[in-house]
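Reader: I am new to this structure and would like to learn how to read its features one by one. Could you take me through them slowly, giving the general idea before each case?

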Amino acid sequence: MAGVRKKPSASTSILRTTLHSLWQDKHLVLFKTEYTFLVVSVLWLLEIGINVWVIQKVAYTEIDWKAYMDEVEGVINGTYDYTQLKGDTGPLVYPAGFVYVFTALYYITSSGANIRLGQYIFAVFYLITLLLVFRVYCRTKKVPPYVFFFMCCASYRIHSIFVLRLFNDPVAMMLLFAAVNFFIDGHWSLGCGLYSLAVSVKMNVLLFAPGLLFLLLSEFGLIRMIPKLALCANIQLLLGLPFLLENHVGYLSRAFDLGRQFMFKWTVNWRFLPEWLFLNRYFHFVLLAAHLLTLLLFALRRWKRQGESPFELFKEPGKRKVPAQKTTVNQIVLILFTSNFIGMCFSRSLHYQFYVWYFHTLPYVLWSRGVKKMAHLLRVLILGLIELSWNTYPSTCSSSIALHVCHLIVLLCLWFAPPLHPAGPAETQAKAPVKDKCQ
């Protein structure tokens, strides 16, 4: 009938309600985690334009791309002995997954000559990585949305690593964050498969391994964890098979060389040391011991359920004295990111491209445990100092010390935060609650 208004549809009402709520909370959009999806969606779209602008306006710098192409060209020409594969910057020192990825890039970019096309491919890698990272933050809802502006717009170094340098580190981290997304969705086998692929591109992903091992033990127990580890091992075996058959010792010693010596002139974190000490094997041993001890302390005191024996983790969840609870998304992410962060703190050397190893995890590590409003400024300051340290070229004593101070503060915040698994009722009465010392 004329003059009768149609009732708005349900979808229209929901949209109107959402827009009204957004307008009411417009001054809180950057601070309330409910708006994380909205903010990161806008930032991701902006990043498309930023990457195109960087590629078009900022000069490409040749560092390792030509060496990568030379190394995979040797494989294309029929050389499968790793000891015979090398480029301008030295021998091939990455596992087999690297070879396959950059062989594909070799063909796509006309034997590596079409660098501009390679830059756009790495821009796609960057956007995929950001999408995977943002999905983790949307699921966890621990970091205020304004922090993501620092993650996207404020880091020249990260854009440079991806689209101006074309390092292999971003490829490994893209696969790693894909694995993390599968872990938080409960697809542990798929996650382990992608994790192993990430390791096959670059070994730095092994810094997440202690945290992943703890999570697999916690989730499945020792016996049911073995198939997941076997999957990771079999992927490495399958990818490396052509090189293992040719020269297994050469492949293992080159692709998984844990004792490789780094050059002092490129170090970001140990510039304040004399070079002889930086190169000293006893110093490396002390760092390794400190790394392992810190991981052990975190596993026993911060990650494990209070009052539970460490040996209970080896049993199947249903057979433990204290019934196992489902590992939450935030527990998975925090344990993995903390494991990696501890490795960064005690690394023998950090080069500029290594920044991408933990850059996207820093906001979560800093904000995940809950802070008072006044503490936000301290965390932003820490992010800024870390960014400044990584952007100081060449590194100085001051920039290296500043980086270590920031790492120490973050590590202490993680240590003094409340434990991941709250105490049960009996334990709560017997023990006073732990306060967050970072507040």
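Reader: Over the ring of which residue does the charged end of Arg302 sit?

Author: A charge is said to sit over a ring if NZ of Lys or CZ of Arg is within 6 Å of the ring centre and within 35 degrees of the ring normal. Here the charged end of Arg302 sits over the ring of Trp415, at 5.3 Å from its centre. Another case is Lys228, which lies over the face of Phe220, 4.4 Å from the ring centre. Before we go on, note that this is a predicted model, in which local features need pLDDT of at least 70 and side-chain atom pairs count only at pLDDT 80 or more, while totals for chains, interfaces and linings use all residues. Residues are numbered from 1 along each chain as its sequence is written, and side-chain values use heavy atoms, with hydrogens and water left out.

Reader: How many helices and strands are there in the chain, and what percentage of its residues count as buried?

Author: Helices (H or I, at least four residues) and strands (E, at least two) are DSSP runs, numbered from the N terminus, and the chain has 17 helices and two strands. A residue is called buried under 20% relative accessible area, exposed over 50%, and partly exposed in between, with a 1.4 Å probe and protein chains only. By that rule, 51% of the 439 residues of the chain count as buried.

Reader: How many aromatic pairs does the structure hold?

Author: Rings of Phe, Tyr and Trp (its six-membered ring) pair if their centres lie within 6.5 Å, and planes under 30 degrees apart count as stacked, over 60 as edge-to-face and the rest as tilted. The structure holds 39 aromatic pairs. One of them is the tilted pair of Tyr137 and Tyr364, with 6.2 Å centre to centre and 55° between the planes. This pair links distant parts of the chain, since Tyr137 is in helix 5 (residues 115-140) and Tyr364 is in helix 14 (residues 362-367), 227 residues apart. Both Tyr137 and Tyr364 are buried.

Reader: Which kind of aromatic pair do Tyr146 and Trp367 form?

Author: Tyr146 and Trp367 form an edge-to-face pair, 6.5 Å centre to centre with 90° between the planes. Because Tyr146 lies in the loop between helix 5 and helix 6 (147-152) and Trp367 in helix 14, the pair ties together parts that are 221 residues apart in sequence. Both Tyr146 and Trp367 are buried. Ring pairs can also join into a cluster, as they do in linking Trp65, Tyr68, Tyr94, Phe98, Phe102, Phe122 and Phe125.

Reader: At what angle do the axes of helix 2 and helix 5 cross?

Author: Two packed helices are described by the angle between their axes and the distance between the axes. Axes are lines fitted to C-alpha atoms, for helices over the stretch in contact, and angles run from 0 to 180 degrees between N-to-C directions. The axes of helix 2 (residues 36-57) and helix 5 come within 10 Å and cross at roughly 165°. Angles under 35 degrees count as roughly parallel, over 145 as roughly antiparallel, 65 to 115 as roughly perpendicular and the rest as oblique, and helix 2 and helix 5 are therefore roughly antiparallel to each other.

Reader: Which residues does Glu47 contact, leaving aside its neighbours within four places in sequence?

Author: Contact means heavy atoms within 4.5 Å. Glu47, placed in helix 2, is buried, with a relative accessible area of 0%. Leaving aside neighbours within four places in sequence, Glu47 is in contact with Tyr126, Leu127, Leu130, Cys152, Cys153 and His159. The C-alpha atoms of Glu47 and His159 are separated by 9.9 Å, although these residues are 112 apart along the chain.

Reader: Where is Arg165 found, and which residues does Arg165 touch, not counting residues up to four places away in sequence?

Author: Arg165 is found in the loop between helix 7 (156-164) and helix 8, and is buried, with a relative accessible area of 13%. Not counting residues up to four places away in sequence, Arg165 touches Thr61, Ile63 and Ser160.

Reader: Which residues are joined by a cis peptide bond?

Author: A cis peptide bond joins Tyr393 and Pro394, with omega of about -10°. Pro394 has its place in the loop between helix 15 (375-391) and helix 16 (397-416).
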